[in-house]
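Please keep the model open beside it as you go.

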Amino acid sequence: MKGYLGIDIGSISTKGVIIDADNNILACEYLWTEGDPIGAVKRLLKALQSQIGDDVTVVSVGTTGSARKLIGSMTGASVIKNEITAHAIGTTTLHPDVNTIFEIGGQDSKIIIIENGYVVDYAMNTLCAAGTGSFLSSQAHRLGVSVEEFGEIALTSQKPTNIAARCTVFAESDLVHKAQIGHKKEDIIAGLCKAVVANYINNICKGKRIAPPIVFQGGVSKNVGVKKAFEEAVGCPVTVDPSGHLMGAFGVAVLAKKSGDEREFSFNVADMDFKTTGYECPKCSNHCEVICILRGGKLIDSWGNKCDNGAPKVG
């Protein structure tokens, strides 16, 4: 059976799926990047290979996420796409009638507006991490609960605490203050979920037309407290797909399949030695920062140069 591999490599988490010709997920994995995208993808590939055994032959690879170019070179990807495209393709494949996509990941947030199956508008967060998965994880640690319990605890609140949602610093200081004056833990947690949504609506969604059906995805979509807060804020149901945390990887796997560029992929990539180096090119006034990826000490790809003066020779 032919399989199509999609990898979504982010700063916080790395996701991978293998789908068949009918877009059924044959294998999937979600793990932490831990500041080492090459190492994370090696671990990802070994995990995925163990799930499919010898029954599936991967014939095309797609990559997305912040390190998509690096991992695309490492895996010989047929398709390298940005997160907006990957998430939109993945979501519209599973939910053809979707009009609005809410996505909150480990360090970024985005909204994608769909009309008749096509992206017509989108927005992403700026440098502020308020309202992202990493923000919620740090607050869960501060409150002495696991982030996996966060949503369920929030649902037990009868009176959510009002938490400042303007930025991470304000939210954290407000949380500490409210805890010190005696607010219940479940009320503070519910308040944090509402603050995440308020931050998202007031910043990411500013000037956007939010129309149902709405699909909420990314790692934070697994937090039922945030899902409930979104539904209260927009006044309509919000769908969370069981594979919503894998949607970027799923979408780029679909794109890899559609590319028609098929060649057998070897999972032996996970055992190869890859390294990256960088330098500032002095050959013109651009002073480009050139990134090189080497396999076994041999250059296989490079990027970053704006002209051919500083382009290193591959091979």
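1. Let us start at a strand: Val 119 lies in strand β8, residues 118–124 (helices, H or I of at least four residues, and strands, E of at least two, are DSSP runs numbered from the N terminus). Val 119 is partly exposed, with a relative accessible area of 37% (buried means under 20%, exposed over 50%, partly exposed in between, with a 1.4 Å probe and protein chains only). Together with Tyr 122 and Met 124, Val 119 forms a nonpolar patch on the surface with about 270 Å² of accessible area. Such patches take residues with over 30% relative accessible area and no salt bridge, joining nonpolar side chains (Val, Leu, Ile, Met, Phe, Trp, Tyr) within 5 Å and like charges within 9 Å; the areas come from the Shrake-Rupley method with a 1.4 Å probe, and for residues only the protein chains shown count as cover.

2. A word on the basis. This is a predicted model, where local features need pLDDT of at least 70 and side-chain atom pairs count only at pLDDT 80 or more, while totals for chains, interfaces and linings use all residues. Residues are numbered from 1 along each chain as its sequence is written, and side-chain values use heavy atoms, leaving out hydrogens and water.

3. The largest nonpolar core has 34 residues, and Phe 150, Val 226 and Phe 230 have the most contacts inside it (a core is a set of buried Ala, Val, Leu, Ile, Met, Phe, Trp, Tyr and Cys residues joined through side-chain atoms within 4.5 Å). Helix α7 gives the most to this core, with 10 residues. Apart from it lies another core of 28 residues, including Leu 31, Ile 38, Met 74 and Ala 77.

4. Tyr 200 is worth a look. This residue sits in helix α7 and is buried, at 2% relative accessible area. Tyr 200 and Phe 102 are 98 residues apart along the chain, with their C-alpha atoms separated by 9.1 Å.

5. The whole structure has six aromatic pairs. In one of them, the ring centres of Phe 265 and Phe 267 are 5.2 Å apart and the planes stand at 75°, so this pair is edge-to-face. Phe 265 is buried at 9% relative accessibility, and Phe 267 is buried at 10%.

6. On to charges: a search of the whole structure gives 13 salt bridges (a side-chain nitrogen of Lys or Arg within 4 Å of a carboxyl oxygen of Asp or Glu). One of them joins Glu 83 and Arg 68, with the closest N and O atoms 3.4 Å apart. Glu 83 belongs to helix α3 (residues 83–94) and Arg 68 to helix α2 (residues 68–75), so the pair ties together parts 15 residues apart in sequence.

7. Lys 69 and Asp 301 also meet in a salt bridge, at 3.6 Å from N to O. The pair links distant parts of the chain, helix α2 and strand β13 (residues 298–303), 232 residues apart. Lys 69 is partly exposed at 33%, whereas Asp 301 is buried at 18%.

How values were computed
Rings of Phe, Tyr and Trp (its six-membered ring) pair if their centres lie within 6.5 Å; planes under 30 degrees apart count as stacked, over 60 as edge-to-face and the rest as tilted.
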